[in-house]
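Have a look at the sequence and the fold, then read on.

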Amino acid sequence: MHDAFMQRAIELAQSVLTATPNPRVGCVIVQSGQIVGEGFHLRAGEPHAEANALRMAGPRAQGSTVYVTLEPCSHTGRTGPCAEALVAAQVAKVVYAMEDPDPRVSGNGLARLRAAGIVVEGPVLETAARALNRGFVHRVRDGRPWVRCKMAMSLDGRTAMASGESQWITGPAARADVQRLRASSCAIVTGVNTILHDDPSLNVRADQLPLASVEAQYASERQPQRVIIDSQLRTPTDARTLQLPGAVVLITGDLPAHQQSAFLTAVANEKVTLQPCATAAGRVDLYAALRHLAREQQCNEVMVEAGPTLGGALLQAGLVDELVVYIGAKLLGSNAMPLFMLPGMERMRDQIALTLTDVRQLAGDCRITARVGHNNQPG
C-alpha cells in the first residue's frame, strides 16, 4: 500500500510546473485505508504540499498516515515548517520518498517528527522522487542547474538552412510541447547568434500550454529568466526578448564599463542585467555562467535553445545533462547547418555516449529524449 499511495503523491507533484525554484512536492493523507487529503506545492511563497493536504483532511488528519515525496521542511522561510504542522495535526505516521538534500533541512525534518513520537518510514519510491526534482537536487548538491538542451532538426540532422532560416522545422504539436518544457524551466538560455538570426521571444505562451487554467495562468505569470550568452555584447538593444516582461540576463565576457553602460541605457529596461563570466581569453566561461544561475539566480533547471555552436560547446564541456530533440519529417540538404558543432571528434573513441530515455510521436513529428553519458564537469 505504501507504493500505491506514494505513487499518487508523485503524480500530484508531477502535475505542477510552477514551483521553481522550490522543489515539486506532493502529499497524500490516508485514514483507514482511504485518502482524506491531497495537496501539492503550486509555487514559491504559497503553502507547501503538506499544508494543502492537511487543510483538505481537516480533523481526519489526526491519527492518519501521511505520504510525502520529499522530507517535510523544518525551517521557516516564506511559509512555516511543514514538520511542525504535521506534529500539530497529530498524525500517526509519515512515509517519505526521499530526504531533502538542502542542508537546512536534510534529516532535521524527519528527526523532528520522530522526536514528537510520529512513526517515520522511508525512503519509498526514492528513484522516482529524485527524478521528479533532479534540477533541485543537482543545484543543491553540485552547485549548478540541470541543463536540458532542446533542438529541432530535420530527418537528415539539419537545424537551419545555410542562410540561418529555420522556421519552421516542426509543427504546432511539437512547438506546444516546447512551451511545457519552458514552463518547467527556471531559465531559457540562448546564444547571441540565435538572437541575431531569429529574434526569438523565449517566453512561455500560456495559450499553448496543455495545463489546467490555473496552472497555465501561473506558468505565464512566472516567466522563466531569459539568458543570452553574448561575449562581445552584440545583442541588438531592440531585440524582441529584451522588450518583454520578466528578467533577462546577458552573460558577457570582460567588457569596458562604458560599453555596458551605453547598452543598458539604450535598452531602458530595468529587468535587463549584464553578468560578466569571462575566461582569460575574454570569452564566456560557460561553467561559471551556470554556477551563477544556480547560486545567484536559484535556477534548478535551465533549457538551452540555441544554435549548433553554443549547443556543441556546452556538450563538449560536459555541461549538458539531457537532450530533447524534435525531428521534423523533412529534409534540408547537405548545405544546411548541423545539429551540433563538435570540432576535434575524429575517431569513434571521441564519441559522446547517449542513453535514450523516451521516444514518441507528436502529430507529424518525433521527439527523442536522451541522457548525456559523459560527466566532465569541473569540480
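## The second largest pocket

Strand E15 gives the most to the lining of the second largest pocket, with four residues. This is a predicted model, and the pocket in it has a volume of about 680 Å³. Its lining counts 21 residues, and those closest to the centre are Arg24, Arg134, Arg148, Arg180 and Leu181.

Which elements give two or more residues to this lining? They are helix H5 (126-132), helix H7, strand E13 (322-328), strand E15 (354-362) and strand E16 (365-372). Sorted by class, the lining of the second largest pocket comes to seven nonpolar, four polar and 10 charged residues.

## The largest pocket

Now for the largest pocket, which holds about 1200 Å³ of space. It is lined by 46 residues, and Thr194, Asp198, Glu305, Ala306 and Gly307 lie nearest its centre. By class, 19 of the lining residues are nonpolar, 16 are polar and 11 are charged.

Several elements each supply at least two residues of this lining: strands E6 (146-154) and E7 (158-160), together with helices H7 (172-183), H8 (192-198) and H13 (308-316).

## Cysteines without a bond

How many disulfides does the structure hold? The count is zero. Cys73 is in no disulfide, and the nearest cysteine sulfur, belonging to Cys82, is 3.7 Å away.

Ala51 is found in helix H2, which spans residues 49-57. With a relative accessible area of 26%, Ala51 is partly exposed, so the residue falls between the limits of under 20% for buried and over 50% for exposed.

How far apart in space are Ala51 and Pro81? From C-alpha to C-alpha the distance is 9.5 Å, while in sequence Ala51 and Pro81 are 30 residues apart.

Note on methods:
Residues numbered from 1 in each chain as written. Predicted model: local features only at pLDDT ≥ 70, side-chain atom pairs only at ≥ 80, totals over all residues. Heavy atoms only, no water. Disulfide = S-S within 2.5 Å. Buried < 20%, exposed > 50% of the residue type's maximum accessible area, 1.4 Å probe, protein only. 1 Å grid on protein atoms, 1.4 Å probe; cavity = no way out; pocket = protein on both sides within 12 Å on 5 of 7 lines; lining within 4 Å. Points joined across faces, edges and corners; volume = space filled by probe spheres on them. Nonpolar A, V, L, I, M, F, W, Y, C, P; charged D, E, K, R; others polar.
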